[in-house]
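Q: I would like to understand how the labels used for this kind of model come about. Please show me the chain, and then we can go through them together.

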Amino acid sequence: QVTFGDIIQRAEQAIEGGVFPERISQGSSGSYFVKDSKGKILGVFKPKSEEPYGHLNPKWTKYFHKLCCPCCFGRGCLIPNQGYLSEVAASHVDTRLGLGVVPKTKAVYLVSETFHYNTIDRAKSRGKKYALEMVPKVGRHFHRVGLPPKLGSFQLFVEGYHEADYWLRRFEAEPLPENIRKQLQSQFERLVILDYVIRNTDRGNDNWLIKYEKSGEGEGEKVSCVCVCVWTAAIQIAAIDNGLAFPFKHPDEWRAYPFHWACLPQAKVPFSQETRELVLSRLSDMNFVQDLCEDLYEMFMADKGFDKTMFEKQMSVMRGQILNLSQALKDNKTPIQLVQMPRVVVERSRTGGQGRVVTLGTAFTQTFHCKRPFFSSW
């Protein structure tokens, strides 16, 4: 079986062989299709330094946004330049809850001439290569000759999918058979659970995907996924673009950042028994929730800009989301009723400490977040 590491190795070999990652034209950051030696897309790489507000973002839209409209710059509820961690953490939450809607995503280092580097890095690389060619004895002492590797998220590419809008419009004109409709509803509920737990602030109907294979279609129209997981359903959802999640507070400034799926007909159907059986026992177990927080701590602390206090605030929001979701599942609520529930924050208590060191206890305090954003649809 092909592992994630095998795919990264194939990508590195392709780059060494001259098959470079291709920058994706859509979006407001530097993201790249990474290919194998035959040109087949393996995954999507999003470097930390090229995120929407990163210092090496190759796209100018966010620069002018910051310059011309500083009062609305960024998302005030998110920690800047943590998008790659959010992508990786969303994949981990998906795995721990057994949802199976996020393509496998991990943090990796990659280097390519097609990534956006500053002039100094490129000049250093050219100088070292020239020195190595002209004075090999000196060049052999260089720690690195080429461009510096970039840290970012690598999400495995899934084939045969269309944006949700494409299929949702088709399904309105051509209603699905009942068994397929139930499969879609089940998949949709998993998307809802993921987005609600991580409090995704950027879920439109253009950044989740649907793959639908009608029974009896030719083999030529069936395209499999690359090492994501074993999917047997005739209809499948993939939740991509999870880089604007895990806020340290609920949105309460200008915009509410609503879940756009809340306007769909599927959001008016109560959560199914299948979904409740899948996740409710885990979400109701505080030991499971604490283990999940500890897993995320190990991921987030690897970042150079990690701030433990801010991380605890992120987890407080996530615990509140999990608390609401657990209650909604017990009460047989619908997704639209879920997003209308009062916003909750569950903070770990502080037990004191010595000097500036504060120790966090095992008790939790639940509070309601009452402040609303200026523009709110809920």
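Q: What percentage of the 378 residues of the protein chain count as buried, and what makes a residue buried?
A: Buried is the label for a relative accessible area under 20%, exposed for over 50%, and partly exposed for anything in between, with a 1.4 Å probe and protein chains only. By that rule, 46% of the 378 residues of the protein chain are buried. A word on the source: this is a predicted model, in which local features need pLDDT of at least 70, side-chain atom pairs count only at pLDDT 80 or more, and totals for chains, interfaces and linings use all residues. Residues are numbered from 1 along each chain as its sequence is written, and side-chain values use heavy atoms, leaving out hydrogens and water.

Q: Why is Glu-50 called buried?
A: The relative accessible area of Glu-50 is 0%, so the residue is buried. Glu-50 sits in the loop between β3 and α2.

Q: Which residues are in contact with Glu-50, and what does contact mean?
A: Contact is the word for heavy atoms within 4.5 Å. Setting aside neighbours within four places in sequence, the contacts of Glu-50 include Tyr-32, Phe-115, His-116 and Lys-150.

Q: Why is Asn-81 called partly exposed, and why is Arg-199 called buried?
A: Asn-81 has a relative accessible area of 25%, and is therefore partly exposed. Arg-199 has a relative accessible area of 4%, and is therefore buried. Asn-81 has a positive phi of about 60 degrees although it is not a glycine, and belongs to the loop between α2 (61-68) and α3 (83-97). Arg-199, also not a glycine, has a positive phi of about 50 degrees and is found in the loop between α7 and β7 (208-212).

Q: Over how many bridges do β2 and β3 pair?
A: β2 and strand β3 (residues 41-47) pair over four bridges, again antiparallel. Phe-33 stands opposite Val-44 in β3. The hairpin of β2 and β3 has five residues between the strands, and Gly-39 there takes a positive phi near 90 degrees.

Q: Why are β1 and β4 said to stand at the edges of their sheet?
A: The open sheet of five strands runs in the order β1-β2-β3-β5-β4, with antiparallel pairing. β1 and β4 (105-110) each have a single partner strand, so one side of each is left without a neighbour in the sheet.

Q: At what angle does α1 run to β4, and how is such an angle defined?
A: Axes are lines fitted to C-alpha atoms, for helices over the stretch in contact, and angles run from 0 to 180 degrees between N-to-C directions. Helix α1 (residues 4-16) runs at about 30 degrees to β4, lying across β2, β3, β4 and β5 (150-156).

Q: What makes β6 and β8 edge strands?
A: Their open sheet of three strands has the order β6-β7-β8, with antiparallel pairing. β6 (162-163) and β8 (235-239) each pair on one side only. Between β6 and β7 there are two bridges, and Glu-163 stands opposite Leu-209 in β7.

Q: Which helices lie across strands of this sheet?
A: Helix α6 (residues 164-173) lies across β6, β7 and β8, at about 50 degrees to β7. α7 lies across β7 and β8, at about 15 degrees to β8.

Q: At roughly what angle do α7 and α8 cross, and which residues make the contact?
A: The axes of helix α7 (residues 178-198) and helix α8 (residues 273-283) cross at roughly 40 degrees and come within 10 Å. Among the residues in contact are Glu-189 and Arg-190 of α7 and Leu-278 and Val-279 of α8.

Terms used: Two strands pair if DSSP finds at least two bridges between them.
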